[in-house]
Each structure stands twice: as C-alpha cells, then as structure tokens.
Amino acid sequence: MKKRFLSILILIALSPVLFSLDYPGTAMGDDFMSLRVNPAAMAFGNAGGIALIHPFLIDEDEGERPDLFNEYSLQLAFTNLGYYFDRQDTDYTHNLLAAFPLLPNFYLGWRGDWQNADLDGMDSTLGFLARPSDYLSLAATGEKLFTGEASGTVGFGLRPLFLTGDNPSLLTVGLDIPWDRELQRPVVHASSEPIDALPGFAFNLAYNMEDKRLTAGLSYSLGTLRSGFLMDDQTRGAAYVHLGVRKYSSPAVPMTDPYVRFTPGPVITEESTPGFFFFDPPAPSLFEVLEALKDLQEDPSVRGIVIENQNFQTSWAGYLELISALNRFREAGKKVVYYFENISLWNYILASSTGDAIYLNRLGRVDLTGLGGTRLYFGGLLNSFGIRVHNIRSHPYKNGANFVSEPGITPEEREMLEVFYRDILDEVIKLVRSGRGEKLSGDLEELIAAGPYLISDRALETGLVDGLIYQDELTEKLKEFHQHPVISNGDFREPFRRDWSDPFANQIALIYAVGNITSGKGVPGSSIGAETLGASIRAARENPFVKAILLRVDSGGGSSLASDVIAREVQLCREAKKPFIVSMGGAAASGGYYISAYADSIVASPLSITGSIGVFIAMPEFAGLLEKYDVGSAEVGTSENASFGNPFRRLDAGEREKLSGLVSHTYGLFIDTVARGRDMDKEAVDAVAQGRVWTGRQALEHGLVDKLGGFQDAIDAAAEAAGIRGQYMLVDYSNRDIPLSLRMAESFKSPLEGLFLPELLLKEKGPLYIMPFNPTD
C-alpha cells in the first residue's frame, strides 16, 4: 500500500505535452493517447480511464515555462465515448469522441472539437483502424473531408520482433504519412511494450522527416496506473499520468512472496444480472471468476491466493467449476489457503478439495452435515381456507406444484429425492477425500454423519481443519509455504490488451439461458424470454463468422410454449449444420432440458440438476373460500365453456379431462422432442422421464447427456465440433436489449414472491415444465 501511495505522489510530481509533439503512430497506439491520434482506436478497449497531461520546457531561456494550472490537458474515456479538453492560458479546446467496431478487428471513430463555447466552429475528424492480424495494423484519419482544406494521415504498424524474456514483450514499428492538400514527408515510429529487463518500463521513438524532429518517450506502469513523458530534440516535452480502466503490466517478481486475496464473492451468478444503476452493482459471473483465476495462475509474480471468509454462494455445478479451476491453479505450483470464521457445507467441500491449508477461528464452526433440505407444503393450509390447487401432472414424479397442492411429501417425491441426494453425497465424499483424505482422523461418511462441528477444537481433532487462529495470524502461517509471504488485495480488472486482432473468422457464439422460461423478452441472469433467446440463437446461426454456438443453460424450466419456440431455433441450427453445444450449469431441468435436447452435444457437470422430463398444470380454485365467507359468484356466457378454468367455481369433470388431455399431449411432444434430439426410442426416453430428476452423472448413464465437464470442456467441444484447429474468439451473443422497465421490475422483486401462489401459476396459462425444487447451500 505504501509503495502504491509513493508511486502516486511521484506521478503527480511528474504530471507537469506540448500539444505539437509526435504521439505514437496512427495505427500503433491504442492507449489513452489514441484519443488525440485516431479516435477509432478508442473502441479497441485500452483507452479507458482518466489522464492528465502537462507540457514543460527544459530550457526556460527558450521561452516562457508552461504554467501547471494554466496549460494542461484533462481527458476521460470509456470504450465507446470519450471527452478531453486542452487549456492554454484562457483558451479551451473541447473534444468529444465516439467509436465503435464495424466488424471484428475493424473500428470507426469520430472526434468533434471546438474552441471555448463556439460550437458553430466545430471541426470533425473521422478515424478508421483495421487490425487483420496480430502483426499488422492499418489506419487512416481525415479532417474537414468535405471542404477544400481536407487533411489527414495514413499509417500502418508492424510487429516483427519480440523482445527476450519469460514473457516476451512486443516491439512495434510504423509509418505515418500526413497529407494536407498534398503528401508530406512521413513520420517513423518505434515503441515497445514493458520490457522484462526494466520491469514496468516502456519506450517510444518518433522521427518527423518533415520537421527533422526526434521525439522520445519513456513510461512506467504499476497496476492500473501509468506515468511517463515525451520530449523532442528542441527541448519541448510533456509529462502525463493515466489511471486506466484496464490493468497495465506490473513490475517483475518482487523480493517478497506475494499472496493475493481472492474476493470475487460471496455471490457468484451464472450470468451477470443488470443492477439498478449504481445502487445495485451486478455480482460477478462464474465465467468472470474463472477467468480471474486463470489470470492469477498465469501471473509469474503470484505465489498463491488467500480466500478469507468467502462463503461463496453459487450452484452445485458452480462449486465444481471453482474446484477444477483452483486445482489447476495448484497444479501450476501455487498455493491456495483458506481462513474462515464459519464454514458453510459447500464451502467446506470447496476448501477441503482445493486447499493447501484450512484455518478456522477459535470460536468458528464447520457446517459439515449430510445433504438434504426442508420443503414446506401448503396444501392443507390452503384447504383450510377453502382454497384448492388442482395439480394436473403427467406423472407422480413431476412435483413442481406439490408444495401448494399437497399436505406433505408424496412417496414418489421422497423416493426420487433420496436417490438424487445419494448420488450428490457420493460426489461430495470423492471430492473431500481427494483433498483431505490423509488428514482425516476417521471414515469420512461417519464424520459427515457426526456433524455439524459447532466447537472448533473438535473440527481440529478430526482433521477437518489445519489450525485454529485469528485472521491477523494468517501471514505467519503462510511461512510454512514461503519465506517472505505478503498478502495484498488483488486487482481483478481486465488486463491491458496486448494482442491486436481477434480471429474473426473463427467465432464461437456464447449465449446464456438463465432463469425461468417465459414468452416475450427475458432479463439477463433472471429470466429467459423466448423472443430474446430465439433472436440470439438466430443471429448466431445466420452469422457466417460464427462456426459454433455454445448455449450455457441454468434453468429449471417454465412455459412449455416458450420452451418449444426456443427448441425450434436450436433444431434449425442442426438443420443448418451449425454445431450447437449445450453446457449445463446448476440446472437444465424440465424446460431447461427441452431447449437443450436438439443440441449436437450436451456437456453437463456431474452435479447439474437435469431431467425432470414431464408436464404439469396448476389450477387454483377459490370456490370453497367464497362459500366460507358467503361471497356469491355468477357466470354469464354465450357457451358452456365460456368461463373455462374459472377459479371462482369448482373445476368440473369435463374441464379436468380437457386439461389432463393437454398435459398428456404436451408430454408426448416433450418425449418426441427428446427422442428426435437425442436419437433415442420414445420408449427409452419415457423410461427415464416421467418427471424424474437426475444429476448430470446419472443423466450420462441414461443417455440424456453426452459428456461430463465444465465450462471450458464445453468450449473445447464447440471448437472441436466446428473443426477449429487454431485460435478462435468466444463472443457473447446474448441479447441484452432489454427495456428499463423490465430491469427495474427484476431489481424490486420481493424475496417472498412465489411462496404461496407463485407467479408461474398466474402469469403463464398453459402446461409448465418446472423442476421440483431450488437447492441452496
């Protein structure tokens, strides 16, 4: 912390360019200086942040020294929008910028500038940037293009050399050819990325053949902070400081042994959800957390990570993803150390299977217990008020509405859940034994049965943890692994982009399907709209650059109609010979399985909740409640069935027969879809369907999925199915064009919603595919 604070002071002291200096080349630069050189480069993503630039003179005899407060430039940039102004005494120049990608690796930008408040005198600059490979960059800028005073620059950059070192740095050379009604002599450029021999430092050179002027620059970066200066051979120069959105290269491995606090949680979602402006920031997605772990794994300066009091909240499949990523981190020779005040069940499973050491507070507890859950049944309570919910289902195992239709658990539901939980327990035992088998004092299954461990001493005696300490003693404990451990807060920002191009000809479209399935538009991370998801799949299918589609599913089901609409889009991908891979997250059950059935391949986590192939309709009936309180009800209609499904009278036999027929018919379509999608006999599908819920491992045994694995396994399967042998780009095709009203509605949903009569019973009229429960840690 002291080192970073000192660096900031140094940067501010330096922060005193003359605006006529030669900046990095038009095609070469893409950091914050690109706003001045080529506005299109802003869309590349590296320019974001705040920068202060100040001119200076080496020899005061050659002119008046610039005033720190009267001559400077201040700029603010995002990925697509930017603004900066230059102050020179009493004059201000305002610059407004916008940039966007035309196609992968092709960018277009605009800059408008005006003096003081004179908007009528605005000049515009157009910029174009093309980077077809990591070795070639082409650019062009133009000002006043439609007047007789047009000017601009054409430039290119080459990356022919790599500097030596464990992490080779890039050396870039380029040429800018200015034109101002006629071609001028070019400007030659050369620049480096941070050099291993001088950690954190980078240089750039420019020689202007027209002015016969040499400009040299040197910069230093530390995390997201970068400072430097430019100076020409005429004693003019400028210094700058930039606080970036992305993380620059940091200095080489220090003399200490750094450990990073890994704190992405506690909530880790399958897909980032839209927050309510700044008051409700989105939780990190599982994929983002996995990428952050990969970055730490590849960072040579990191010795290990410390996870302190992070009782993560994610799906069972999400825990498996974290376990795999953390074990890959350890296989790279790095340490994972945990400290908890209290450890929840699934976080103990995570820690025991991935931790080099687990430390517990002296008054902490370990909630290691058997698996299971409690479900309330409100059928009896509702009946006591005269309310009845008709649960018309394809099979007794289809129990999505049992909690409002039954007074207690049914034999079929108990049978199914006992088999389901036993399989989960087998996986848990395997995971814990893999990490702590040799440290445990007894048989693991017996230790689980004896839990929870409310007294920390007992957890230590049985070998569940490695020590009882206070949090401030953790650094001392790390000396068991490294001589000079230091714990610091990690910077999980996206790294400064060093590559120039994306392999646009080899795209894999990533599409999220998270939440309850409904018709219309969905909300990212919360609900799946058939219109929204269908449009995403269709856009990916019709894009010739997309070689395969990866659908990440975390859904317990929903509307049968909406599920069928989505499944049709998947079926069209198969007919178009566009490889379609499904990656099952926490759940892909019922409707979540329906939309997956036509995939070319399904990759499931061993703990994914899937199956639940069945149908039900829940019809509330309030006739008894009205009678109890002497409330009258009358029907008027043109036909006998004009008030079909009226909840204020008793459901008659004819109506029940029609609804049962619809359930049976829809179940038949469900079975037929799975049979055709999975190339199975209908009889074989029916044998493992009937509403039963399976783990991913059980689903593999029954032929409902093709492979067990995580996110990365599914990505690899998509690349293989597309025949991609080289690089590819994973592109998020999820449709996020969602009305603000829907986003706000999702932000203000009550946590009690659906406790008695869930939204699905009232909103969707038709058969439903819903999983039986939502497990939590």
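The conversation below goes through a loop residue, some strands and a few helices.

Tutor: Before we start, keep in mind that this is a predicted model.

Student: Okay. Where is P24 found?

Tutor: P24 sits in the loop between α1 (2–14) and α2 (34–37).

Student: Is P24 buried or exposed?

Tutor: The idea is to check the relative accessible area, where under 20% means buried. For P24 the value is 17%, so P24 is buried.

Student: And which residues does P24 touch, leaving out those up to four places away in sequence?

Tutor: P24 touches G29, M33, V37 and H189. P24 and A190 are 166 residues apart in sequence, yet their C-alpha atoms are 8.1 Å apart in space.

Student: Let's move to strands. In what sense do β5 and β6 pair, and over how many bridges?

Tutor: For a strand pair, look at the direction and the bridges. β5 (residues 106–115) and β6 (residues 123–133) pair in the antiparallel sense, over 8 bridges. As an example, G109 stands opposite G127 in β6.

Student: How many bridges join β6 to β7?

Tutor: There are 7 bridges between β6 and β7 (residues 136–143), and these strands run antiparallel. β6 and β7 form a hairpin, with 2 residues between them.

Student: Now helices. What should I look at when two of them pack?

Tutor: Two packed helices are described by the angle between their axes and by the distance between those axes. Here, α3 (residues 286–298) and α4 pack at about 10 degrees, with axes 9 Å apart. Angles under 35 degrees count as roughly parallel, and α3 and α4 are therefore roughly parallel to each other.

Student: Which residues of α3 and α4 meet?

Tutor: From α3, the list is L286, V289, L290, L293, L296 and Q297. They meet G318, E321, L322, A325, L326, R328 and F329 in α4. By class, this contact has 9 nonpolar, 2 polar and 2 charged residues.

Definitions and conventions. Residues numbered from 1 in each chain as written. Predicted model: local features only at pLDDT ≥ 70, side-chain atom pairs only at ≥ 80, totals over all residues. Heavy atoms only, no water. Helix = DSSP H or I, 4+ residues; strand = E, 2+ residues; numbered from the N terminus. Buried < 20%, exposed > 50% of the residue type's maximum accessible area, 1.4 Å probe, protein only. Contact = heavy atoms within 4.5 Å. Pairing = 2+ DSSP bridges. Axes fitted to C-alpha atoms, helices over the stretch in contact; angles between N-to-C directions. Parallel < 35°, antiparallel > 145°, perpendicular 65-115°, else oblique. Nonpolar A, V, L, I, M, F, W, Y, C, P; charged D, E, K, R; others polar.
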